[in-house]
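Please keep the coordinates open while reading.

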Amino acid sequence: MRFTRSLAAAIGAAGLVATACGSSSSSATDTDASSTEATAASATTEAGATAGSEAGGGTVTIGAIEMLSGSGAFYGKAVQEGLEVAVDELNAKGGILGNTVELKVEDNASDNAQTTTLVNKFAADDSVGAIIPPTYQPNFNAACSAATEAELPIVSAQSGPADPANNTANFCFTMTTDPVPQVTFTLNALKELGLTELTMVYDQDNGYVAFQRPNIAKAAADVGITITEIGVPGGTTDFGPQITQLIEGAPQATFPFFTIEDAARFMKQAADKGYEGTWFDPVSQLTSKRIPELSGGAAVGLLASTPQSAGDIESFQAFLDAYEEKNGQPLDDPTYTGFGYDALMNLAAAMETAGSTSDRAKIQEALAAQTKPCYSICFTLSASGATNGAFLADQFYLVELTDKGFEPAT
């Protein structure tokens with residue numbers, strides 16, 4: 001049995017409200033691929049209907065702010081790679097409104113103040129119609145506050161929804177997942193596999209972990225599963241005490257909620273000390289092909305949920321192929337890179353619809369009108385409440401880590 005679930009079903013289980021795009025999970029692959037092809041093609045075919053308000057034949061520079069140094073550099077560089085794949089694809093199909101696309105990425109050093117400075121720098125240029133802000137949640141919230149004041153649309157990659165206190169005028173968008181439905185899907189899938197005794201070992205000082213813990217707790221309560229928690233001080237490299245506690249608790253499955261490197265180190269140390277349970281990841285934190293090697297093979301068998309399953313979604317496989325053709329090697333961790341690609345493709349489609357690369361009000365209006373866009377995967381726009389402005393991944397899949405990477409779980 002292959003585990004898939006649409007956003008509508010997952011949100012229904014979580015007690016939330018949204019509308020799923022595409023068809024049922026049984027035909028998700030065909031729907032995603034055809035919708036993506038149609039949407040990508042719009043970057044050139046719609047130009048004829050809208051380009052009259054802005055002449056083509058020139059160059060449009062898309063500004064981006066990412067963490068290229070500092071604590072979030074791994075994730076910022078991953079997003080940048082996705083943006084670069086999108087630029088190549090757009091230019092191969094005629095650019096945006098007939099203009100060649102160039103990318104200008106500024107480094108915010110994972111810093112909120114620097115983020116604000118850079119947003120204001122882009123906003124001061126009247127030719128800039130919208131930008132890609134940094135993915136790290138505190139940085140994204142800082143960017144949203146500055147962008148709202150400047151009335152500059154922003155589209156992030158894999159940030160959580162903007163803080164409603166900052167996004168008061170609906171200028172802040174993100175391509176992401178709704179964590180509660182994703183975790184709910186994962187826990188229900190584990191439950192179907194008979195895995196109900198779960199533990200989460202987590203980094204106490206990681207901001208993303210702090211953001212996700214309440215979502216995981218809510219999903220567990222909705223599913224009727226108790227997840228035992230073991231906190232670890234940030235910077236820990238010897239997990240001996242926590243592993244002893246884990247093994248004594250004898251869970252059926254464990255989520256090592258750390259960075260990729262720390263999670264791999266934890267899994268290796270746990271396996272060396274005799275841990276025999278399954279590993280799981282309900283928030284696409286550990287979807288890196290490097291983990292088997294980094295963990296000495298201990299991570300093989302990890303079960304993860306993701307909206308980006310190449311074995312299930314033809315259009316996402318096409319994105320991976322484009323990445324490999326550009327970079328000469330397969331993509332390691334698709335999560336942030338894929339959402340980076342989707343963010344720029346979504347922004348480009350909005351500019352085509354707006355008929356302008358610089359009219360911020362029209363671009364904002366066009367973004368808000370793209371309720372069910374499809375690029376590497378499909379999304380549904382949430383236009384109200386705590387998730388306002390979030391383009392939420394439309395469907396989740398359960399995948400299993402093998403020594404060759406992640407494959408659909410059966």
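This is a predicted model: local features need pLDDT of at least 70, side-chain atom pairs count only at pLDDT 80 or more; totals for chains, interfaces and linings use all residues.

Residues are numbered from 1 along each chain as its sequence is written, and side-chain values use heavy atoms, with hydrogens and water left out.

**Strand pairing**

Strand β9 (residues 253-257) runs parallel to strand β10 (residues 278-281), and 2 bridges connect them; strands are taken as paired if DSSP finds at least two bridges between them. The chain passes from β9 through α10 to β10 in a β-α-β crossover that is right-handed, a term meaning that, with the strands pointing away from the viewer, the path from the first strand over the helix to the second runs clockwise. β10 also pairs in the parallel sense with strand β11 (residues 303-306), again over 2 bridges, and there Asp-281 has Ala-304 in β11 as its bridge partner. The element names follow DSSP runs numbered from the N terminus, with helices (H or I) of at least four residues and strands (E) of at least two.

**Pocket and cavities**

The largest pocket has a volume of about 510 Å³, and of the 26 residues that line this pocket, Tyr-75, Tyr-136, Asn-206, Tyr-208 and Tyr-336 are the closest to its centre. Two or more lining residues come from each of α4 (73-92), α8 (207-223) and α10 (260-272), and α8 gives the most, with 4 residues. By class, the lining of the largest pocket holds 11 nonpolar, 14 polar and 1 charged residues, where Ala, Val, Leu, Ile, Met, Phe, Trp, Tyr, Cys and Pro count as nonpolar, Asp, Glu, Lys and Arg as charged, and the others, Gly among them, as polar.

A search of the whole structure finds 2 cavities of 30 Å³ or more, and the second largest cavity contains about 30 Å³ of space. Its lining consists of Asp-203, Val-232, Pro-233, Gly-234, Gly-235, Thr-236, Phe-239, Phe-258 and Asp-262, which by class are 4 nonpolar, 3 polar and 2 charged residues.

On a 1 Å grid over the protein atoms alone, a cavity is a set of points where a 1.4 Å probe fits but cannot get out, whereas a pocket is an open set with protein on both sides within 12 Å along at least five of seven lines, and lining residues have an atom within 4 Å of a point. Grid points are joined across faces, edges and corners, and a volume is the space filled by probe spheres set on the points.

**Salt bridges**

The structure holds 10 salt bridges, each being a side-chain nitrogen of Lys or Arg within 4 Å of a carboxyl oxygen of Asp or Glu.

Lys-104, Glu-106 and Lys-121 are linked in a network of salt bridges. Glu-106 is buried, with a relative accessible area of 15%, whereas Lys-104 is partly exposed at 39% and Lys-121 is partly exposed at 46%; buried means under 20% relative accessible area, exposed over 50%, and partly exposed in between (1.4 Å probe, protein chains only). Lys-218 and Asp-222 are 4 residues apart in helix α8, and are therefore separated by about one helical turn. Lys-218 is partly exposed at 35% relative accessible area, and Asp-222 is partly exposed at 36%.

**Positive phi angles**

Most residues other than glycine have a negative phi. Ser-110 has a positive phi, near 60 degrees, and is found in the loop between β3 (100-107) and α5 (112-123), where Ser-110 is buried at 14% relative accessible area. Asn-170 also has a positive phi, near 65 degrees, and is found in the loop between β5 (154-157) and β6 (172-176); Asn-170 is partly exposed, with a relative accessible area of 38%.
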